[in-house]
Amino acid sequence: MKLLTSLCRPLWPCVVLALLAFAPAASAKALKVGFAQTGAESGWRTANTDSMKSEAVARGIDLKFADAQGKPENQIRAVRSFIAQGVDAIIIAPIVTTGWEPVLREAKQAKIPVIVMDRAVQVSDESLYACFIGSDFAEEGRMAADWLAKYTGGKGRILELQGTTGSDPANERRRAFAEGIAKYPDLKVIDSQSGDFQRQQGKEVMEALLKKHGRDFDIVYSHNDDMALGAIQAIEAAGLKPGKDVIIVSIDAIKEGVTAVADGKINCVVECNPLFGPKAYDAVAKIVAGQPVPRKQYNKDGLFDATNAAAALPTRQY
Ligand code: GYE
């Protein structure tokens with residue numbers, strides 16, 4: 001016994017040091033973050049949710065996740081409940097741009113920082129949220145317009161499938177696209193309807209548009225891949241060849257969208273990266289530590305058409 005104690009004695013300081021090294025990690029309080037998600041309307045959204053959830057797990061963040069099922073009132077209720085729970089920070093992917101002031105004021109009063117992610121909000125006081133992280137939807141609309149003008153030589157009748165009414169991406173993708181094609185008098189949007197960013201609705205709206213316009217259109221511009229993929233089903237059911245009889249341009253570049261480009265059914269997709277987990281929690285960590293963060297951060301997005309879609313497929317992450 002004596003021998004054992006004397007043998008172990010020199011090791012004790014190491015044991016104590018090792019315990020000390022682990023102690024702070026074990027006792028450090030996990031950050032509590034509330035995330036008010038729009039819903040599960042599209043492939044883009046699923047990839048966004050996965051990124052937010054898996055990154056929270058990787059960083060040991062205690063994530064409170066609320067799916068608003070596409071209803072703005074649910075989303076506002078979720079934010080109120082995060083405030084009541086006393087979370088360290090709130091992340092919102094706003095369904096629509098309006099209606100946010102009261103609840104953002106409540107968060108400010110409770111000293112809980114809010115990060116607006118993915119879609120912008122319209123507020124009279126910018127200090128109501130800490131920062132914005134997202135994509136440049138106007139740039140995406142412009143890219144789609146420029147590509148189309150080049151591909152068609154500035155000619156064609158366009159049917160537009162809009163995203164969720166009142167949402168930032170639907171507003172901006174519509175506005176910037178219209179501006180982009182305005183230089184080409186023979187390239188015109190002849191009809192525009194909302195498919196709410198959903199595949200089934202994209203299909204149904206396209207069926208109605210096919211009934212209304214028959215063969216008197218050349219192009220479908222869809223605000224996201226899911227609606228374009230739904231529209232393709234309707235176009236094929238009407239005996240037309242998507243990508244050939246009808247030129248199709250969409251936005252997101254989810255794997256299924258890029259695959260449809262490689263298969264020649266969609267002619268072009270503009271990329272919109274949904275993998276915000278790392279950036280969002282980096283911002284949370286900084287804000288909570290009192291460090292400065294950029295007011296607005298935008299992703300740089302690309303574009304896929306017949307020239308690069310197939311090669312890009314193996315490394316697409318969403
Ligand atoms: O394009 C669409 C999703 O806000 C950028 O929302 C996002 C859009 C995306 O439902 O697929």
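The expected span of a helix is 1.5 Å times one less than its number of residues. The legends below use that rule once, and all views come from a predicted model.

**View 1. Helix 11 and its buried side.** Helix 11 covers residues 277-288, twelve residues in total. From first C-alpha to last, helix 11 reaches 16 Å, close to the 16 Å expected at 1.5 Å a residue. Its buried residues are Gly277, Ala280, Tyr281, Ala283, Val284 and Ile287. These cover an arc of only 150 degrees around the axis, which puts them on the same side of helix 11. An α-helix has 3.6 residues a turn, so residues three or four places apart point the same way.

**View 2. What the buried residues of helix 11 pack against.** One helix is among the partners: helix 3 (43-58). The strands that the buried residues of helix 11 pack against are strand 1 (32-37), strand 2 (62-67), strand 3 (89-92), strand 4 (114-118) and strand 5 (131-134). Just after helix 11 comes Gly290, with a positive phi of about 75 degrees.

View 3. Strand 8 spans residues 219-222. Ile219 and Tyr221 point one way from the strand; Val220 and Ser222 point the other way. All four are buried. In a regular strand the side chains alternate between the two faces of the sheet. Strand 6 (residues 156-162) runs parallel to strand 8 and is joined to it by four bridges. Strand 9 (residues 247-252) also runs parallel to strand 8, with three bridges. Val220 stands opposite Leu159. In strand 9, Val220 has Ile248 as its bridge partner. From strand 8 the chain passes through helix 9 (residues 225-237) to strand 9, in a right-handed β-α-β crossover.

**View 4. Gly230 in helix 9.** Gly230 lies in helix 9. Gly230 counts as buried because its relative accessibility is 0%, and buried means under 20%. Leaving out residues up to four places away in sequence, Gly230 touches Arg199, Gly202 and Lys203. Met206 is 24 residues away along the chain, yet the C-alpha atoms of Gly230 and Met206 are separated by 7.9 Å.

**View 5. Polar contacts of Ser192.** Ser192 is found in strand 7 (residues 187-194). Its side chain makes a polar contact of 2.7 Å with the side chain of Gln162. A polar contact of 2.9 Å joins the side chains of Ser192 and Arg174. With residues up to four places away in sequence not counted, Ser192 touches Glu160, Gln162 and Arg174.

Methods:
Residues numbered from 1 in each chain as written. Predicted model: local features only at pLDDT ≥ 70, side-chain atom pairs only at ≥ 80, totals over all residues. Heavy atoms only, no water. Helix = DSSP H or I, 4+ residues; strand = E, 2+ residues; numbered from the N terminus. Polar contact = N/O pair within 3.5 Å; in protein donor to acceptor, adjacent residues only side chain to side chain. Contact = heavy atoms within 4.5 Å. Buried < 20%, exposed > 50% of the residue type's maximum accessible area, 1.4 Å probe, protein only. Arc of directions from axis to C-beta. Pairing = 2+ DSSP bridges. Right-handed = clockwise from strand over helix to strand, strands pointing away.
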